[in-house]
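Here is a short tour of a protein model for you to follow on screen. Have your viewer ready, and let's look at a few side-chain contacts together.

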Amino acid sequence: MNGILKLLSQRLALGLMSLLAVSVIIFLAVGLLPGDLAQAVLGQSATAETLAALRAQLGLDQPPLARFMAWIWHFVQGDLGVSLANQRPIAELVGTRLGNTLFLAAFAALVSVPLALLLGMLAALYRNSWFDRLLNTSALSAVSFPEFFVAYILILIFSVKLNWFPSISNLAPDASFGTMLQASILPVATLSLVVIAQMMRMTRAALINLLASPYIEMARLKGIGQARIIFRHALPNALAPIVNVVALNLAYLVVGVVVVEVVFVYPGLGQLLVDSVAKRDIPVVQACSLIFAGTYILLNTLADVLSIASNPRLMHPKG
């Protein structure tokens, strides 16, 4: 137990350091955007006094280090600031959008994770068969196509041709659970195609690597069936890489939804980020970017901890 706590504290410390480094990059990248932010907000007809007042309000008249420290301190306290586009609190804007994004990612995870693990185990069970070749070809094809291309193909088939699902996943704030499910089917299908392909291939590779182990050979010599060997002997020892790839793909589902949300006009955090960039709403851009970065780092840290905890030998590496 002490080893797990020590490992967890080390990984959390590394995650916080990574988040701090990412926050610096976000702040510097936003600060390097061309043009005058105050001029872009107020327009060309703004007077010098009005521009100076807005710069003072946004803290643009302060040194970069002071602005960065103030931004991080307010963010840690839960104060995300106020949107420049509509003067609404950013926490209010982000709250609803983040909930929609997490719903989309959770829906995609519930579909993709069990299906990917099942297909990976079947591919390992029937290795080098026509079924295995078909799965690998399909997986490579799904990974090769960019998400926006897959999304448009699904819209063309299921929205335009068959008219089964809506092509735009625009949700009302008071939308029911059934409405959210129906509007999320095509975005979930787009995300799941890529995630299933990656997880299936990693599961298959982890199981096939273990099938060459001596204890698996001994199990075969005892006459144990191939299916029992995979499910009872190989799978428990392959949990470390499988758990790792599942957690990493969950991080991708949360962070990689930006393109999908823009294509389907889904009211999530990714759509809010893109809209804010177009409007030069810098405080919202910074808040969304840091939330995405924090989520990705947290899930990557969780993947690291779970992969080591599921295989105790990794907690005591040989020197």
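## Aromatic pairs

A residue is called buried when its relative accessible area is under 20%. Phe103, with a relative accessible area of 17%, is therefore buried in this predicted model.

A search of the whole structure turns up four aromatic pairs. In one of them, Phe103 and Phe107 sit 6.3 Å apart, centre to centre, with 45 degrees between the planes, and the pair is tilted. These two residues are four apart in helix α5 (residues 90-125), so about one helical turn separates them. Phe158 and Phe165 also form a tilted pair, because their planes are at 55 degrees, with ring centres 6.3 Å apart. Phe158 is partly exposed at 24% relative accessible area, and Phe165 is partly exposed at 22%. Together with Trp164, Phe158 and Phe165 make up one aromatic cluster.

## The salt bridge

How many salt bridges does the structure hold? There is one: the side chains of Asp132 and Arg204 meet at 2.8 Å, N to O. Asp132 belongs to helix α6 (residues 130-144) and Arg204 to helix α8 (residues 177-211), so the pair ties together parts 72 residues apart in sequence. Asp132 is buried, with a relative accessible area of 2%, and Arg204 counts as buried at 16%.

## A nonpolar surface patch

Turn next to the surface, where a nonpolar patch of about 1,000 Å² includes Phe145, Tyr152, Trp164 and Val259. Helix α7 (residues 147-161) gives the largest share of this patch, seven residues. Tyr152 lies in helix α7 and counts as partly exposed, at 47% relative accessibility.

Definitions and conventions. Residues numbered from 1 in each chain as written. Predicted model: local features only at pLDDT ≥ 70, side-chain atom pairs only at ≥ 80, totals over all residues. Heavy atoms only, no water. Patch = residues over 30% accessible without salt bridge, like charges linked within 9 Å, V, L, I, M, F, W, Y side chains within 5 Å. Areas by Shrake-Rupley, 256 points an atom, 1.4 Å probe, with all protein chains shown as cover. Salt bridge = Lys/Arg side-chain N within 4 Å of Asp/Glu carboxyl O. Buried < 20%, exposed > 50% of the residue type's maximum accessible area, 1.4 Å probe, protein only. Phe/Tyr/Trp six-rings, centres within 6.5 Å; stacked < 30°, edge-to-face > 60°.
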